[in-house]
Amino acid sequence: MMQSAMMQNQAMQNQTMQSAMMQSAMMQNQAMQNQTMQSQMMQTSVDYNNGYTMQTSVDYNNGYRTQMQEQQNNDYTIQEDEWDRDLLLDPAWEKQQRKTFTAWCNSHLRKAGTGIENIEEDFRNGLKLMLLLEVISGERLPKPDRGKMRFHKIANVNKALEYITSKGVKLVSIGAEEIVDGNIKMTLGMIWTIILRFAIQDISVEETSAKEGLLLWCQRKTAPYRNVNIQNFHVNWKDGLALCALIHRHRPDLIDYAKLNKDDPLGNLNLAFEVAEKHLDIPKMLDAEDIINTPKPDERAIMTYVSCFYHAFAGAEQAETAANRICKILGVNQENENLMEEYETLASQLLEWIRRMTPWLENKSPEATMAAMRGKLEDFRDYRRQHKPPKVQEKCQLEINFNTLQTRLRISNRPAFMPSEGRMVSDITSAWTGLEQAEKGYEEWLLSEIRRLERLNHLAEKFQMKATTHQDWSVGKDSVLSQKDYESCSLTEVRALLRKHEAFESDLAAHQDRVEQIAAIAQELNELDYHAASSINERCQGICDQWDQLGTLTQKRRENLERTEKLLETIDQLFLEFSKRSAPFNNWMEGAMEDLQDMFIVHTVDDIQSLISAHDQFKATLPEADCERQAILSIYTEVQKIAQSYGISPNLTNPYSDITPAEIGLKWDKVKKLVPQRNSILQEEAARQHANEHLRRQFAAQANIIGPWIQTRMEEIGRSSVDIAGSLEDQMSQLKQFEQVIINYKPNIDKLEGDHQHIQEFLVFDNKHTNYTMEHIRVGWEQLLTTIARTINEIETQILTRDAKGISQQQMNEFRQSFTHFDRKKKGGMETDDFRACLISMGYDLGESEFARIMSLVDPNGSNKVTFQSFVDFMTRETSDSDTSEQVLASFKILAADKPFILLEELRRELPPEQAEYCIARMPLYNGPDGVPGALDYTVFSTALYGESDL
């Protein structure tokens with residue numbers, strides 16, 4: 001449709017070409033509506049290093065073309081690439097193209113009041129190139145850059161090239177720099193691409209298009225004329241009769257064809273050029289002398305010039321298509337009305353759905369429990385996964401339908417479609433934007449609420465656990481502290497009570513942190529608006545009141561014990577007790593220092609957790625040890641007080657021990673310094689082991705998926721390779737799908753490689769979570785790639801063998817079934833004994849010499865293994881007749897009338913032109929004594945065809 005619109009716009013500028021363009025547009029639309037007439041798609045690629053290659057697939061069912069014409073056309077297509085390569089070296093062709101393309105460009109540029117003189121120079125800045133494209137397409141290109149710098153020129157040429165590419169033309173090996181630099185071959189190739197796309201591609205004659213359509217049109221129009229046989233666009237036009245025939249067919253008043261002479265090509269060509277320029281408004285694009293003097297005129301130049309005749313004469317058939325145009329217009333109108341109704345329906349449904357969903361997404365009422373919020377999150381995920389995707393598709397389809405409808409209306413010159421009020425695409429887009437904004441806000445609110453509830457639940461559980469632990473510890477403590485048991489105790493018992501009370505005070509001080517944590521958690525729960533904050537506050541207040549009471553009772557009991565103890569022991573007793581208690585405590589500190597500085601090596605989380613647990617147990621003993629230390633030092637202090645009170649010398653020596661309080665203090669300070677150091681070392685090691693464990697689990701999770709996946713693909717490929725239920729093409733299709741799946745899975749292997757490298761960097765070598773190592777995965781992956789490639793190659797070989805040998809699908813399946821049955825080890829090849837058994841099962845009476853002969857055919861390398869391809873080749877030779885060099889030699893001998901050589905005229909008389917020229921180009925000269933000049937040796941040629949000799 002877009003091409004049709006462009007052609008209509010061009011018709012407004014060039015009245016003489018209007019009818020041809022309308023016919024082309026009508027034929028395109030008719031081809032779209034008639035499904036029984038499948039139009040042939042022209043695939044075009046331009047390689048400016050090897051010339052232009054046009055691939056066309058056309059099936060003529062009407063019998064118009066003879067077998068000879070088809071052979072000639074096939075030969076023409078085959079040789080096209082070779083001619084284009086010659087084009088790069090032939091100055092004559094370049095000269096013809098330069099003149100023809102310049103004239104063609106000027107025929108269009110003159111409509112814009114301009115033209116070109118030098119094709120490689122005038123297009124360098126890109127301005128006239130963009131103007132040319134606008135004139136021939138009827139469309140506006142992006143605004144050109146008006147600067148004179150090189151980058152301005154490159155930008156303009158790039159805009160032109162991008163427009164050409166947007167029209168479905170594939171440009172190869174060309175860039176804007178070549179055009180800006182004035183590269184003549186690249187410039188000519190680009191202009192040829194434009195000519196193909198805008199002047200030749202739309203030509204359509206009886207289901208053929210472009211080049212073949214133009215050739216068929218010429219053949220049809222010149223069929224009744226003598227001395228005209230158009231089979232190509234080069235040598236068949238040298239005598240000028242073909243051009244004169246085209247003009248006479250449509251305008252017999254301009255040329256008297258009966259008076260033309262085939263032996264006057266110069267006069268014929270100049271007559272056609274003058275008449276076309278004067279009466280048909282077709283500029284002179286060729287020189288008669290260049291065409292005549294060139295052995296093979298340039299095909300592109302001829303095609304360009306002939307296409308102008310097609311567009312000039314195609315309008316004569318306009319009346320025949322008037323009725324079809326009316327049907328097309330009515331059909332387009334009906335389709336447009338259906339699209340309008342469909343748009344209105346889809347728009348109403350989509351807007352109604354958006355109106356229903358937006359209030360739901362804007363409702364942000366919080367829930368008190370995590371379960372209720374998770375329910376809302378699950379509802380939102382269902383909306384995202386199930387409800388929204390179909391609506392996204394509907395919205396996209398709605399926009400596509402709207403744009404398609406507007407395009408159709410614009411192309412068919414209908415007024416633009418205006419939907420009902422509130423149902424414009426902009427209205428739907430606005431409503432959709434509001435929906436997505438509400439959706440985004442709702443999702444953020446959901447996640448925020450869930451995080452808040454998770455935090456609240458965690459804090460509440462933590463509060464209850466710490467509160468329960470504290471209350472369990474404080475049970476009965478107030479009654480014990482309120483006792484007055486010391487009033488009836490002896491000195492020894494009072495001392496014991498005092499020491500016990502000191503231990504309790506140490507324990508009480510240790511619990512101070514827990515009470516503070518409980519209060520802090522309760523405060524945070526209140527700040528986060530916890531739904532059960534009242535019960536939390538009530539319990540926290542009870543704990544704080546009880547704690548204050550315990551502190552008061554503890555202080556009062558200590559004062560009573562100290563007041564009771566006084567001077568109930570002598571200095572000697574104090575020294576004795578100091579000695580008894582300081583010795584084991586000193587030994588304990590020395591052992592503790594040794595343990596805290598002990599080195600360790602661990603490899604697992606369990607190992608380090610064991611060390612941390614032991615260290616935690618040791619730290620739990622520190623408060624008790626500290627109490628013991630303080631008790632020991634207080635004994636010595638009491639001795640000093642008593643000595644001072646009673647005037648005893650302060651330099652007293654303890655007769656029971658050499659340990660001094662200063663020595664105990666130094667060792668205790670060292671123990672306290674070593675404890676956090678040890679704790680830090682253990683925590684660092686624990687973090688490292690946890691990280692290593694995470695790496696192990698991460699690698700294992702992927703390996704445990706990839707390993708079985710590779711094994712499954714190997715099994716599927718194995719089953720596919722032995723499956724004979726379908727055709728070889730079906731197996732190939734299935735294997736190609738497997739190959740694509742395997743290629744798409746490669747990122748998982750790469751990710752696993754990265755994880756493996758990361759693990760090795762952290763020196764982690766064992767992994768109890770998986771049985772797969774990276775080496776296993778690599779070997780499996782390489783084996784999988786090798787297996788799929790080998791299997792595909794085997795199937796391709798089987799297809800080639802089947803087609804080359806004329807084997808039916810059933811025969812190929814039988815060969816595969818026999819091969820699979822006797823391939824007992826299922827390794828893709830039968831061993832010698834297996835192959836012998838296979839031959840015997842098929843009825844072969846094998847002796848050792850016969851079997852050795854067969855093995856030399858199927859296993860020439862002596863590998864003692866028969867592949868499926870060798871087996872198929874053997875069975876093909878055994879079950880079918882094939883051409884041999886002897887048969888070909890005998891055929892040539894018949895053509896040569898039993899002579900040992902053959903002459904050029906005999907080949908051209910007996911063989912089609914294509915095959916005759918093929919033989920002449922490749923047969924060596926005959927060197928026998930009975931030869932004649934120009935004789936060819938068909939014996940050497942025949943044996944060379946089958947590789948039995950070298951040409």
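**Close-up views of a predicted model**

View 1. Leaving aside residues up to four places away in sequence, W104 touches L132, I136, I194, I195, A199, M285, T304 and C308, where contact means heavy atoms within 4.5 Å. The structure is a predicted model, in which local features need pLDDT of at least 70 and side-chain atom pairs count only at pLDDT 80 or more, while totals for chains, interfaces and linings use all residues. Residues are numbered from 1 along each chain as its sequence is written, and side-chain values use heavy atoms, with hydrogens and water left out. W104 is, together with I191, I194, W237 and F309, one of the residues with the most contacts inside the largest nonpolar core, which has 82 residues; such a core is a set of buried Ala, Val, Leu, Ile, Met, Phe, Trp, Tyr and Cys residues joined through side-chain atoms within 4.5 Å. Helix α9 (residues 184–200) supplies the largest share of this core, 12 residues. Another core, of 45 residues, lies apart from it and has L735, I788, I795 and F851 among its members.

**View 2. Q96 in helix α4.** Q96 lies in helix α4 (residues 91–109); helices are DSSP runs (H or I, at least four residues), numbered from the N terminus. Q96 counts as buried because its relative accessibility is 4%, with buried meaning under 20% relative accessible area, exposed over 50% and partly exposed in between (1.4 Å probe, protein chains only). The side chains of Q96 and T294 are joined by a polar contact of 2.9 Å, a term for a pair of N or O atoms within 3.5 Å of which, within protein, one must be able to donate a hydrogen and the other to accept it, residues adjacent in sequence counting only if both atoms are side-chain atoms. Beyond four places away in sequence, Q96 touches D290, I291, T294, P297, D298 and A301.

View 3. The whole structure holds 22 aromatic pairs, a pair being rings of Phe, Tyr and Trp (its six-membered ring) with centres within 6.5 Å, where planes under 30 degrees apart count as stacked, over 60 as edge-to-face and the rest as tilted. The rings of Y343 and F402 form a tilted pair, because their centres are 5.3 Å apart and their planes stand at 40°. Since Y343 lies in helix α15 (residues 322–362) and F402 in helix α16 (residues 370–411), this pair ties together parts that are 59 residues apart in sequence. Y343 is buried at 0% relative accessibility, and F402 is buried with a relative accessible area of 11%. F892 belongs to helix α33 (residues 885–895) and F941 to helix α36 (residues 938–945), so the pair ties together parts 49 residues apart in sequence.

**View 4. Charges over rings.** The charged end of R197 sits over the ring of F198, 5.1 Å from its centre, and K477 lies over the face of W473, at 4.9 Å from the ring centre. The criterion is that NZ of Lys or CZ of Arg is within 6 Å of the ring centre and within 35 degrees of the ring normal.

**View 5. G551 in helix α21.** G551 is placed in helix α21 (residues 533–565) and counts as partly exposed at 33% relative accessibility. The C-alpha atoms of G551 and A509 are separated by 9.6 Å, although the two residues are 42 residues apart along the chain.

Conventions. Helices (H or I, at least four residues) and strands (E, at least two) are DSSP runs, numbered from the N terminus.
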